[in-house]
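Please look first at the whole chain, and then follow the description from one part of the fold to the next.

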Amino acid sequence: MTYQETLDWMFGQLPMYQRQGQVAFKKDLTNIQAFSEVLGAPHKKFKTVHVGGTNGKGSSSHMLASVLQAAGYRVGLYTSPHLKDYTERIRIDGQCIEQDFVVDFIQQHKIFLEEHRLSFFEMSVGLAFAYFASKQVDIAIIEVGLGGRLDSTNIITPELSLITNIGKDHTAILGETLGAIALEKAGIIKPQVPVVIGEFHPDTHRVFEEKSSTLNAPLYWAKDFELPAYIQLDLKGTYQQGNARGVMACIEVLKHRGWSISNEAISKGFSQVVQRTGLRGRWEILQQAPLCIADTAHNKEGLGVVLKQLTALPHEKLHFVLGVVQDKDLCQVLPLFPKDAHYYFCAPQVPRALEAEELKSKALEFGLRGEVFASVEKAFASAKEQSSLRDIIYVGGSTFVVAEII
């Protein structure tokens, strides 16, 4: 198979949460454990840091990878979803996995994957672990896909676990309350392995305290760590300050465990995240006049912070190119958007996308007015046509909307 044929097979053959939603979620680790055995347990051949949470786990993973790269380590990075191409999910020192490796790996294991009906995410995790082992990374930052306890990445025993924060997302799978969701996320805490919690919340802190106590896992709160004054972030979203504090706590814990990370490496790592890791779509400035900003925030907590920063910027009028997926709780997120803005409703090109007409209708219930467009691209083009140089255009609502623009 060619690379494109391989991707088509991976996307089409088996469930993929990114495209299909809840039906693709596997509720145990049997498949990935069996696959790992066939692969020779590659995840045991390198050190790892496991990163979970509701928001910020992608940014935090990239920050941590950037700092460790600056410290001179060979660093694997596994994240999801991708924005433009599948290979973005699996990187070493910022370089994406080679397409040939993906093709050869799937071809070699295709019979096993078909017979055991592995999900898209399960096969991707196996591929990432095999790749990192074959390239002999010093350490790999592994981002949880969904939840924690039952996520395919949860077969690793890391040097350290990081749980960024807890918010109400994927409630149909993870639970309706913050406590229930926290319990699922806390599933990545391992016996005797330190864990950093990025955000203290009255509804969830006891879950982490009890879990870590039961497993004798040292527990650290990011709020107890200072972000050094010399750190300048190249990621400009205000929400990145909280992520950076959690990452700084992780760095201190890693140093305590014998990892050599100088202040210079910390400074370079935090200020060169995009350059070193290729991170995209986080408060990304697409153009200056009118100012166009794209951001992948897609739930109440993430959007709340982003929209607060956005509306505080000096502007004449706000324009929103907006699209979402079907399982989004719109009653939670739509009230966050300003009523005096103009909306360009669209649907990203994935099966999970909510029809633009339906989004427009729901948005109207919350006083948000605008037009429907046949594609994200056409919506963005119209927003630019209708904007003055002192206006602001925001592109978002879903990772997939951002992916089609950048």
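Strand S11 (residues 318-322) and strand S14 run parallel and are joined by five bridges. Within this pairing, Phe320 stands opposite Tyr394 in S14. Helices (H or I, at least four residues) and strands (E, at least two) are DSSP runs, numbered from the N terminus. Two strands are said to pair if DSSP finds at least two bridges between them. Strands of a sheet pair through backbone hydrogen bonds, either parallel or antiparallel.

The model discussed here is predicted: local features need pLDDT of at least 70, side-chain atom pairs count only at pLDDT 80 or more, and totals for chains, interfaces and linings use all residues. Residues are numbered from 1 along each chain as its sequence is written, and side-chain values use heavy atoms, with hydrogens and water left out.

One of the paired positions is Leu291, whose bridge partner in S14 is Ile392. How many of the residues of S14 are buried? Five of the five residues in this strand (residues 392-396) are buried, where buried means under 20% relative accessible area, exposed means over 50%, and partly exposed lies in between (1.4 Å probe, protein chains only). In a regular strand the side chains alternate between the two faces of the sheet. In S14, Ile392, Tyr394 and Gly396 on one side are buried, and so are Ile393 and Val395 on the other, which leaves both faces covered.

Thr399 counts as buried because its relative accessible area is 12%. If residues up to four places away in sequence are not counted, Thr399 touches Pro81, Leu83, Thr296 and His298; contact here means heavy atoms within 4.5 Å.

Pro81 also has a place in another part of the description. This proline is found in the loop between strand S2 (75-78) and strand S3 (90-92), and the peptide bond that joins Ser80 and Pro81 is cis, with omega about -5°. A cis peptide bond also leads from Ala289 to Pro290, with omega near -5°. Pro290 lies in the loop between strand S9 (284-287) and S10.

Strands S2 and S3 belong to an open sheet of eight strands, with mixed pairing and the order S4-S3-S2-S5-S1-S6-S7-S8. Strand S4 (95-96) and strand S8 (219-221) stand at the edges with a single partner strand each, so one side of each is left without a neighbour in the sheet. Within the sheet, strand S6 (residues 160-163) and strand S7 (residues 195-197) pair in the parallel sense over three bridges. Ile163 has Ile197 as its bridge partner in S7.

The loop between helix H8 (178-185) and S7 holds Gln192. Is this residue buried or exposed? Gln192 counts as exposed because its relative accessibility is 52%. Its phi is positive, about 65°, although Gln192 is not a glycine. Arg117, likewise a residue other than glycine, has a positive phi near 50°. Arg117 is placed in the loop between helix H5 (99-115) and helix H6 (120-134).

Helix H10 (residues 240-256) includes Val247. With a relative accessibility of 0%, Val247 counts as buried. Leaving aside neighbours within four places in sequence, Val247 is in contact with Ser60, Met63, Leu64 and Phe270. Val247 and Ala222 are 25 residues apart in sequence, and their C-alpha atoms are 8.1 Å apart in space.

These parts may now be placed in the chain as a whole. The secondary structure of the protein chain comes to 17 helices and 14 strands. Of its 406 residues, 59% count as buried. Among contacts with a separation of 6 or more, 75% are between residues 24 or more positions apart. The C-alpha trace spans about 55 × 50 × 40 Å along its principal axes.
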